[in-house]
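Colleague: I would like to learn how to read cavities and helix packing in a model. Please take me through them one at a time.

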Number of protein chains: 2
Amino acid sequence: MSSNGKERDKQREQNQTSSPPGDSVLEKPLSRRDMLRLAGTGGAGLLLGAAGVGGIMGAFNRAATATVETATASKAADTIEFYGEHQAGIVTPAPDFLLFAAFDLTVSSKEEVRKLFQAWTKASAALAKGQLLGDSNDRLNLPPSDTGEAAGLSPSRTTITFGVGATFFDARFGLSAQRPAALVDMPAFGGDELQEQWTGGDIGVQVNADDMQVAFHAIRSLARIARGKAVLRWTQEGFQRTGKADPAGATPRNLMGFKDGTGNPDAKNTAKMNDIVWVQQGDGEPWMAGGTYMVARRIRIRVEVWDRSTLGDQEATFGRHRDSGAPLGGSKEFEAVDLKKNGENGKPLIPVNSHMALARGDGSIEILRRGYSYSSGMDHRTGQLDAGLMFVCFNRDPRKQFIPMQQKLGQSDRLNEYIVHTGSAMFACFPGVQPGGYIGETLF
Amino acid sequence: MSSNGKERDKQREQNQTSSPPGDSVLEKPLSRRDMLRLAGTGGAGLLLGAAGVGGIMGAFNRAATATVETATASKAADTIEFYGEHQAGIVTPAPDFLLFAAFDLTVSSKEEVRKLFQAWTKASAALAKGQLLGDSNDRLNLPPSDTGEAAGLSPSRTTITFGVGATFFDARFGLSAQRPAALVDMPAFGGDELQEQWTGGDIGVQVNADDMQVAFHAIRSLARIARGKAVLRWTQEGFQRTGKADPAGATPRNLMGFKDGTGNPDAKNTAKMNDIVWVQQGDGEPWMAGGTYMVARRIRIRVEVWDRSTLGDQEATFGRHRDSGAPLGGSKEFEAVDLKKNGENGKPLIPVNSHMALARGDGSIEILRRGYSYSSGMDHRTGQLDAGLMFVCFNRDPRKQFIPMQQKLGQSDRLNEYIVHTGSAMFACFPGVQPGGYIGETLF
């Protein structure tokens, strides 16, 4: 890291320093809705006289056990378990919102990193359950251990997915020898106009939730816990619409108006996921078995240019019909794709340089995509909307999957006229964690 | 406007030029879900052979009349009517998302502005109904008149609220004499650190919807229609959680963890709204009767500083308990506030410099607030999260309501230690529009 970079990090660290929730975030589990329910019944008020001014939240804590069970059933559908064989947020259902964050570590010892990962693990498991963090939410003379903005909100299917970037394996932590061969430095691709403010990072954290406020609370809480150990490097919000808003459960459309994700493999197909997503024993570094590689690309759409192109151009660019999502010449979204089928003019119905034709290729390379649209105000240099796709994908070996696929797309994709890649990062995602364990345990 | 500003606008205009949906956006009303339903039944495919490649969307149009009626019932709950005595988006329910946009006009004649407002009116009425815009969504040799990303999505309670700023009444359009006296130039307030990129604008447009993708589609469509007539000046996204995500229907919390909006007047109270929101006959400019003044303030929260302050400080800052939202010393969120009540130490239970005490004052000044939290990545100069409150409020006369209230807050509010106002704008919102009319009709 350059000395400039170090100074910036030091400055950031000072800025981000704030009272942490402490290491014991699970000591007094209390769901956010339990808290709300008690408030609604006036329980706080009744107990106020006895408990004194400092005891309002304490009253919640004492009364909480009585209500936890009644809340269980309604919460189950909104909860995705944090612990398991694999990390959540990869093959689990994709909630409506994304908040992606990259962190840079400011500590120099492996032991300090381990402690951070242990604290993050406990907090993440609590956040996934919709619990308030920490045990100092009721003391007037202390900063609250939970920042409170998600109080009363459901777990919202929160998932938090952790990975480490190539820079994590530089000389600082003595882990260079454990760097997986598959975690290569990302090559330059055609169409890249990467900006540092959305690129790289020692650690990547993907937060998904059905409520933006809940996702924000998660990232903010992780940043607080990291005080003095890591600083935020970049963040990016995203949104999508899935079955919840659309009763028909249709494939969501991207901001170019086309259905996006039709060709995505079925995340419920375990054999397929073992083949294309999960690192297997014998793939290389043993600590990565059960993990995966997460690629994040911030892809801006040249909205105004796209909107000037004809429907014919747009459909030839994607290789699909805009309305139905069917392959060109077809009628149904999910019908088999035949790239060799020619039209009446003797040329392929699906142009060879269309996005679909290039991304599919001969069908031998697959990745698992999890894309979110983003709208981030305007680019004030050009007056254009800064909107596009926050592309996240998972693959077992980026050297054989994402990278060759993107190299082909970067060279020839018709879509390149309408998009620009402004951010890029790759992270090795740890295998899943069991209760009592912590993220990165297999590495440390 | 400075010559630099003009050059910037010219550049922006070139960038934003794109094929417009045309003036006849309502010629073939077709709901976005009708389109989806037809796609689901394979209707497009069945008709493809007869209609030819260019006729896929045409098939939708022809078949649409048969399905519009069946969709009516399910859509009604998701629809807020655009036309009416007052503009929607003011006293109507607040959907989950906000996309606020300010535009600068690039034309020089009143007639061109009128045409823009007429086209925007038609489009807005269609967007509120969840219809596709325009009639060229089926022609391969033309850009689609609707950008398509909201196809299949519900109307999502979309509201679009228009107003004009002080600069609208400069020499360009010959309307200086009609500038309302109440539309003053906003004074500087304590705590202001305004940045040009979120300040001012000839026209302000507030879009609200329960789906961020639908809100984005609306602003993008309005910007397309404005090509050659107006350019985007700034935009800001926002989110909140209301009854939908929280079955208990609790007051949403802001990103400081406190309930926000408890003291907001009841928008269903017509007499109250006539008193504090709607401009009445005799208030000044006759063309504003039935309209209101919309103030937009982008208020960044110094998240990291706030998170270091104690619960006691935080509660004294707002004047309310964090958990219940009750006034300090009280137990219920909506109980009556008594600013004169003293604690055991003889001092007011609610500090005189707390946000609530100053904002309420003697209770004689009220405004109607509509606040949305925002999370807009990071401020890369400081490494801090760029998050806060996109504050929107409506009042009948800002000289007597918002401005004196904010002057008092800017001087003394305890909250000022933790927030900074980075953007500001005020717009005179036209009265409501009847079918066949257009926004601004009373002014032109």
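Colleague: How many cavities of 30 Å³ or more does the structure hold?

Modeller: On a 1 Å grid over the protein atoms alone, a cavity is a set of points where a 1.4 Å probe fits but cannot get out. Points are joined across faces, edges and corners, and the volume is the space filled by probe spheres set on them. This structure holds 13 such cavities. The model is predicted: local features need pLDDT of at least 70, side-chain atom pairs count only at pLDDT 80 or more, and totals for chains, interfaces and linings use all residues. Residues are numbered from 1 along each chain as its sequence is written, chains are lettered from A and ligands numbered from 1 in the order written, and side-chain values use heavy atoms, without hydrogens and water.

Colleague: What volume has the largest cavity, and which residues are closest to its centre?

Modeller: Its volume is about 220 Å³. Lining residues have an atom within 4 Å of a point; of the 18 here, M212(A), E237(A), S375(A), E237(B) and S375(B) are closest to the centre.

Colleague: Which elements give two or more residues to that lining?

Modeller: Strands are DSSP runs of E, at least two residues, and helices runs of H or I, at least four, numbered from the N terminus. Here β4 (230-239) and β7 (372-379) of chain A contribute, together with β4 (230-239) and β7 (372-379) of chain B.

Colleague: How are two packed helices described?

Modeller: By the angle between their axes and the distance between the axes. Axes are lines fitted to C-alpha atoms over the stretch in contact, with angles from 0 to 180 degrees between N-to-C directions. Helices α5 (residues 110-128) and α6 (residues 212-225) of chain A pack at about 155 degrees, axes 10 Å apart. Thus α5(A) and α6(A) are roughly antiparallel, the term for angles over 145 degrees.

Methods
1 Å grid on protein atoms, 1.4 Å probe; cavity = no way out; pocket = protein on both sides within 12 Å on 5 of 7 lines; lining within 4 Å. Parallel < 35°, antiparallel > 145°, perpendicular 65-115°, else oblique.
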